[in-house]
Amino acid sequence: ANLNKRIGTVEILQCDPSHRWSEINIGAIPAKHFKIRSKALQNKKVKVKRWRGELNDVRSTHPDRIKCAENVAEHFNKVKSGEVTMKTSGLFISEIVKRYYDGAEYDETYELQFQQIVNECENLDHFCAIADTSGSMMGDPIIVAISLAALIAKKSKYFANRYISFNTVPKFKMIDPNANLYTIVNQLKADNDWGGTTDFFQ
């Protein structure tokens, strides 16, 4: 515990009753922690209960939490400008995709993490994913299928922004080149163009 305090472990600062969120070094937050605590770090509610008339997604009005959120926004701007990079070490795309697949709203943390993984991936010039989103894929398999389809669509040269449907008569499906990960995941999640088998030689 003393060592964690001395090195400024993020959980120590978050749990300190004297309010020390604003002291968190945003650029040093481990990728998995950033993914898990994204909303808290941005001072946003996990879910806005719009059915109860809620419109404001602000989680806390405490100055410490507001300052932390401002620090996060500043870090995001630096990532977008290329001044710094988003940490992704130890993080799989499927972990981010699962958040969206399970119903999470658009989150800039997930988007920047995904983009960083895409940037670090080697080109997959001749690749095109067959995205099996059939009923037998429920659970982790469909999460991984969507993840690979999203990555390959972004990195392929000759099949850019495409994937192939898993069907007896497969088809090329297009993804908007400007689509973010949130949009891509929800597109593939809703794609019911699948059958019991596929023949990509057609």
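The legends below describe several close-up views of one predicted protein model.

Residues are numbered from 1 along each chain as its sequence is written. Because the model is predicted, local features need pLDDT of at least 70 and side-chain atom pairs count only at pLDDT 80 or more, whereas totals for chains, interfaces and linings use all residues, and side-chain values use heavy atoms, with hydrogens and water left out.

**View 1. The whole protein chain and the order of its elements.** The secondary structure comes to nine helices and three strands, where helices (H or I, at least four residues) and strands (E, at least two) are DSSP runs numbered from the N terminus. Read from the N terminus on, the elements run α-α-α-α-α-α-α-β-α-β-β-α. The C-alpha trace spans about 65 × 40 × 30 Å along its principal axes. Of the 202 residues, 41% count as buried, a word that stands for under 20% relative accessible area, with exposed meaning over 50% and partly exposed in between (1.4 Å probe, protein chains only). The accessible surface comes to about 11700 Å², and 53% of this surface belongs to carbon and sulfur atoms; such areas come from the Shrake-Rupley method with a 1.4 Å probe, and for residues only the protein chains shown count as cover. Among the contacts with a separation of 6 or more, 64% are between residues 24 or more positions apart, a contact being heavy atoms within 4.5 Å.

**View 2. Helix H9 and what covers its buried residues.** In H9, which holds residues 181–190, the buried residues are Leu 181, Ile 184, Val 185 and Leu 188. Seen down the axis of H9, these residues fall within an arc of 95 degrees, so they line one face of the helix; the arc is that of the directions from the helix axis to the C-beta atoms. Their cover includes helix H6 (93–101), helix H7 (108–120), strand S1 (130–131), helix H8 (140–155) and strand S2 (162–165).

**View 3. Helix H6 and the glycine that follows.** The buried residues of H6 are Ile 93, Ile 96, Val 97, Tyr 100 and Tyr 101. They cover an arc of only 140 degrees around the axis, which puts them on the same side of H6. These buried residues pack against H3, H7, H8 and H9. Just after H6, Gly 103 takes a positive phi of about 110 degrees.

**View 4. Ile 164 in strand S2.** Ile 164 lies in strand S2 and is buried, with a relative accessible area of 14%. Not counting residues up to four places away in sequence, Ile 164 touches Cys 128, Ala 129, Ile 130, Ala 131, Pro 170, Lys 171 and Phe 172. Ile 164 and Phe 76, by comparison, are 88 residues apart in sequence and 33 Å apart in space, C-alpha to C-alpha.

**View 5. Two asparagines with positive phi.** Asn 43 has a positive phi of about 55 degrees although it is not a glycine. Asn 43 is found in the loop between helix H4 (38–41) and helix H5 (63–81), and with a relative accessible area of 5% this residue is buried. Asn 161 also has a positive phi, near 60 degrees, in a residue other than glycine. Asn 161 lies in the loop between H8 and S2 and counts as buried at 15% relative accessibility.

**View 6. The largest pocket.** On a 1 Å grid over the protein atoms alone, a pocket is an open set of points with protein on both sides within 12 Å along at least five of seven lines, a cavity is a set of points where a 1.4 Å probe fits but cannot get out, and lining residues have an atom within 4 Å of a point. Grid points are joined across faces, edges and corners, and a volume is the space filled by probe spheres set on the points. About 200 Å³ of space lies in the largest pocket. Its lining has 15 residues, of which Lys 39, Val 46, Arg 99, Ala 104 and Tyr 110 lie nearest its centre. H4 gives the most to this lining, with three residues.

**View 7. The largest cavity.** There are two cavities of 30 Å³ or more, and the largest has a volume of about 40 Å³. Its lining is formed by Ile 26, Gly 27, Ile 29, Ala 31, Phe 34, His 75, Met 86, Lys 87 and Gln 113.
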